[in-house]
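Welcome, and please keep your viewer open as you read. We will go from one selection to the next, with a short note at each stop.

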Amino acid sequence: MTLEALMAGLRAWFDAALPDHGISSLIIFAFVAGLARGFSGFGAALIFIPLAGAVIGPKLTSPVLLVIDGLATLGMIPAAWRGADRREVFTMAAGAALGVPAGTAVLALMDPLLLRWIISAIAICLLALLVSGWRYHGTPVAPLSAAIGLIAGLFSGAAQLGGPPVVAYWLGGKSNFTRVRSNVILYFSISTVLSFVSYYFGGLFVSTVFALTIVTLPAYAVGLWGGSKLFGFAKESTFRMTCYILIAASAVGGMPVFDSLLR
C-alpha cells in the first residue's frame with residue numbers, strides 16, 4: 001500500500017467517524033474544561049460532560065473525556081506523585097476499583113436521554129455540595145476513604161463525575177490546597193486506568209471516540225497548560241468561583257431542553 005493510499009484511507013475513516021455537527025462547540029467545551037482541570041485538579045467533567053453530552057450524547061462524551069484527559073495529564077503525574085499522600089490515594093482507589101465497573105454498566109445500558117437528565121441533576125447536586133462549603137473535617141480513615149472512592153468510582157464510571165466527593169472529603173482535612181490538588185491528580189490517574197479497562201470491556205471505545213479525541217485533545221491540552229500556569233499566581237478564591245459559575249452554566253445548559261442552542 002502506498003503512502004497516498006494509506007493517507008486516503010485514514011482520511012476516509014476520519015470523515016466517516018466524525019459527527020456531522022457540533023465540532024466547533026466541542027473544541028470550545030474541551031478548552032474551558034481543560035482550564036478548570038489544570039488549575040484545580042478536577043472540574044473538567046462537570047463542565048464537559050453536560051455540554052458535550054447535549055451535542056454527541058453521553059455514551060460518546062464520557063469515553064472522549066477519559067481519553068483526552070488521560071493523555072493530556074500524563075505530565076502532571078510525577079509532581080502529583082511527589083506531593084500526594086499516597087497511602088490515602090491508594091486506599092481511595094481501592095474503593096474506586098469496585099465503583100467504576102458498576103458506573104460503566106449504567107453508562108452502557110441506560111437510555112441516553114434519561115442518563116443526560118441524571119448527569120445534569122448529579123452535576124448540580126455535586127456543585128451545591130462544593131459551593132455549600134461543607135467539608136469532612138475529621139481525620140481520613142481507611143474505611144471512609146475507601147467508601148468515598150466507591151462513590152466517586154461509580155460517578156466516574158457513569159459520567160466521569162467523580163471529582164466533587166473526593167475534593168469535599170480531602171479539602172476539609174489538615175492538608176493544604178496544594179496537597180489536595182496532588183491527591184486529586186494522582187487519584188484520577190489511577191481511576192483513569194480503571195475506567196479504561198472498564199470502558200474497553202463495556203464496548204464503549206468505538207471509532208468515533210478516537211476521531212473526536214484527535215479533534216479535541218489539542219484544545220484540552222492548551223486549556224490544561226493555561227490552568228496549570230494560573231494555579232501558580234491566580235487567587236484561589238477567584239478562580240474557584242469562576243469554576244463554580246462555569247460548572248453551573250454547563251449543568252443547566254446541558255439539559256436536553258436546551259439542545260437546539262448547542263448544535
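**The whole chain**

Start with everything selected: of the 263 residues in the protein, 50% are buried (under 20% relative accessible area with a 1.4 Å probe and protein chains only, where over 50% is exposed and in between is partly exposed). This is a predicted model, in which local features need pLDDT of at least 70 and side-chain atom pairs count only at pLDDT 80 or more, while totals for chains, interfaces and linings use all residues. Residues are numbered from 1 along each chain as its sequence is written, and side-chain values use heavy atoms, with hydrogens and water left out.

Switch to a cartoon view and you will find 13 helices and zero strands (DSSP runs numbered from the N terminus: H or I of at least four residues for helices, E of at least two for strands). Among contacts (heavy atoms within 4.5 Å) between residues at least 6 apart in sequence, 86% join residues at least 24 apart.

**The nonpolar core**

Next, select Phe48, Leu65, Trp170, Val184 and Tyr187. Within the largest nonpolar core, which has 64 residues, these touch the most other members. Such a core is a set of buried Ala, Val, Leu, Ile, Met, Phe, Trp, Tyr and Cys residues joined through side-chain atoms within 4.5 Å. Helix α3 (residues 44–56) gives the largest share of this core, 10 residues.

Now centre on Tyr187. Leaving aside residues up to four places away in sequence, its contacts include Val89, Met92, Gly149, Val166 and Trp170.

**A salt bridge**

Which residue forms a salt bridge with Arg37? Select Asp69: the closest N and O atoms of this pair are 2.9 Å apart. The pair links distant parts of the chain, with Arg37 in helix α2 (residues 23–40) and Asp69 in helix α4 (residues 58–72), 32 residues apart. A search of the whole structure finds one salt bridge (a side-chain nitrogen of Lys or Arg within 4 Å of a carboxyl oxygen of Asp or Glu). Arg37 counts as buried because its relative accessibility is 4%, and Asp69 counts as buried because its value is 9%.
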